[in-house]
Structures are given as structure tokens and as C-alpha cells.
Amino acid sequence: MRRLGRHLYEWVEIHGLARGLPYPWNSHLIHLEEAGVRALVDPLPMSDEDLAVIEEIGAPTHILITNNYHERSAEEFRARWNCQTLLHENQVGEAECEVDGTLKSGQVLWGSVEVVRVPDVRFAEEVSFLLKEDRTLIVGDLVSGPRQDVGIPAGTVGIRAPELYVDLTNARAALRSLLALPFDRLCFAHGSPLDSGAKDVLTEFVNDDGTWLELEGARSAKQDRS
């Protein structure tokens with residue numbers, strides 16, 4: 001568990017150790033003290049030490065989920081802390097966890113956290129969360145941060161398994177639309193965060209025609225083999 005910003009904490013699971021290519025899976029805690037809000041985002045299991053940190057800050061009040069593959073430990077923590085699980089209205093039909101309320105695109109939660117839906121990219125119901133005061137954007141599976149296991153270098157972003165995306169042209173346009181948002185930090189469900197200059201990094205990725213040609217080639221090759 002570590003603090004990333006005034007209102008943001010992160011805890012991780014390390015995957016890929018057996019292959020000698022470790023990289024993090026990530027979850028986040030949004031702490032809005034004045035609003036009395038402590039929201040877990042895509043919550044992974046926690047160690048006893050992390051649970052102690054969370055409970056010292058205060059029992060979580062809400063759980064936010066970027067896509068239905070990231071329900072993770074939501075049910076366990078909802079029961080433990082009696083917090084509310086909130087999903088985008090387009091997520092609910094496929095949810096396997098209990099849902100206490102729904103979110104809408106463009107909604108601003110607690111005056112601080114904007115709900116950003118990016119449709120028909122990897123998952124129809126994918127949403128991101130913009131922490132306005134921290135100038136931080138939290139994404140699920142839209143894009144990955146630096147990862148040794150798939151060759152995404154430090155200080156960059158990338159796409160793992162392009163064959164799983166609905167449409168790479170849509171994905172590129174969707175990521176370009178995120179550039180209109182006010183953020184400096186990018187946090188990911190998978191891969192290390194970019195703590196500064198993140199918009200410039202994402203802009204370079206989106207605008208690099210060669211990268212997208214390579215992704216399209218890899219997508220086509222994978223589909224041909226299947």
C-alpha cells in the first residue's frame with residue numbers, strides 16, 4: 001500500500017514472478033476526507049498489513065469497478081465493511097457481484113470523481129475515473145502501463161493482446177478522446193503507474209501510426225492462427 005496523491009492510494013499484486021518477468025496488478029483507494037468517502041477501485045485481495053492501513057484511514061464506504069472482469073474481491077470487502085458497490089448502468093446486466101447503485105457517463109461523484117465511459121473498445125462497459133483535484137485518471141483494461149512481461153518499457157503505455165479489442169480504430173479514437181481530460185498521472189489496473197507527464201506519454205502513443213500498424217498486424221496474425 002502506498003500513497004500516490006493527496007486523495008489516492010494504491011496496493012498491488014505482483015504477477016509473472018515464475019517467468020522472471022514480474023509486473024503489478026493494481027487497485028486503488030480514493031480518500032475524500034471532507035466528503036467522508038473512501039472508495040476502493042477494482043479491489044484486489046489485501047494483506048493483513050494493507051487491511052490495517054485501510055482501517056487506520058477509515059472503513060471503505062464505496063466500491064467502484066472499471067469493468068466486470070475486475071470485480072475481484074468486491075463481494076468480500078462489501079460484506080466486511082458494509083460499503084456500497086457502484087457500477088456503470090451498462091455494467092449491471094453482466095455483473096456477478098451485488099450492486100447497490102449505478103453510475104452514469106459524465107457523472108461527478110462527491111464533487112471530485114468524474115465517471116468516464118469509453119464504449120466498444122475492449123469491453124462494452126469499460127469506465128475510467130478522473131480524480132480532478134489530483135489530476136489523475138484511473139483506467140481498467142483500456143491500456144496498460146509499463147510491463148516487463150509484454151515488453152512495455154518504463155515510462156510508456158501499451159496494449160496487451162490487441163486481438164481482444166472490439167476494434168483498434170475505435171480504441172485509438174477512444175484513447176484520443178481521453179486527451180481532452182485534465183490529468184498528469186495515469187493509473188492502470190495492470191502495469192506500473194505514470195506519476196507525471198502521463199498525458200504527453202498517452203499522446204505520443206495515440207499519434208504513433210507505426211505502433212497502431214504493428215498492433216493491427218499482431219491482431220490479424222493472432223486471429224489467423226485461431
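Author: What follows goes from the salt bridges to the sheet, and then to some single residues.

The model is predicted. Across the whole structure, a search finds 11 salt bridges. Three of them are described here, one after another.

Take Arg80 and Glu55. They form a salt bridge, with the closest N and O atoms 3.2 Å apart. The pair links distant parts of the chain. Arg80 belongs to helix α2 (residues 74-81), Glu55 to helix α1 (residues 48-57), and 25 residues separate them. Arg80 counts as partly exposed, because its relative accessibility is 43%. Glu55 is also assigned as partly exposed, at 41%.

Next come Glu89 and Lys104. Their side chains meet in a salt bridge at 2.9 Å, N to O. This pair, too, links distant parts of the chain, 15 residues apart. Glu89 sits in the loop between β6 (84-88) and β7 (101-103). Lys104 sits in the loop between β7 and β8. Glu89 has 37% relative accessibility, so it counts as partly exposed.

Arg185 is in strand β12, and Asp195 is in the loop between β12 and α4 (198-207). The two are 10 residues apart, and the pair links distant parts of the chain. Arg185 counts as buried, since its relative accessibility is 12%. Asp195 is partly exposed, at 40%.

Arg185 brings us to the sheet. How many strands form the open sheet, and in what order? There are 5, in the order β8-β9-β10-β11-β12, with mixed pairing. The edges are β8 (108-109) and β12 (185-188). Each has a single partner strand, so one side of each is left without a neighbour in the sheet. Leu109 has Val113, in β9, as its bridge partner. In general, strands of a sheet pair through backbone hydrogen bonds, either parallel or antiparallel.

Asp141 lies in the loop between β11 (136-139) and α3. Is Asp141 buried or exposed? It is buried, because its relative accessible area is 8%, under the 20% limit. Beyond its neighbours within four places in sequence, Asp141 is in contact with Asn67, His70, Arg122, Phe123, Glu126, Tyr165, Ala189 and His190.

Helix α3 (residues 168-178) holds Arg172. Arg172 is buried as well, at 18% relative accessible area. Its side chain makes a polar contact of 2.7 Å with the side chain of Asp209. With neighbours within four places in sequence left aside, the contacts of Arg172 are Val206, Asn207, Asp208, Asp209 and Trp212.

Ala39 is placed in strand β4 (residues 37-41). Ala39 counts as buried, because its relative accessibility is 0%. Not counting residues up to four places away in sequence, Ala39 touches His28, Leu29, Ile30, His62, Leu64 and Trp110. Gln91 is 52 residues from Ala39 in sequence, and 18 Å away in space, C-alpha to C-alpha.

Last, the surface. Val12, Ile14 and Leu17 make a nonpolar patch of about 270 Å². Leu17 lies in the loop between β2 (8-15) and β3 (23-32). Leu17 is exposed, with a relative accessible area of 59%.

Conventions:
Residues numbered from 1 in each chain as written. Predicted model: local features only at pLDDT ≥ 70, side-chain atom pairs only at ≥ 80, totals over all residues. Heavy atoms only, no water. Patch = residues over 30% accessible without salt bridge, like charges linked within 9 Å, V, L, I, M, F, W, Y side chains within 5 Å. Areas by Shrake-Rupley, 256 points an atom, 1.4 Å probe, with all protein chains shown as cover. Salt bridge = Lys/Arg side-chain N within 4 Å of Asp/Glu carboxyl O. Helix = DSSP H or I, 4+ residues; strand = E, 2+ residues; numbered from the N terminus. Buried < 20%, exposed > 50% of the residue type's maximum accessible area, 1.4 Å probe, protein only. Polar contact = N/O pair within 3.5 Å; in protein donor to acceptor, adjacent residues only side chain to side chain. Contact = heavy atoms within 4.5 Å. Pairing = 2+ DSSP bridges.
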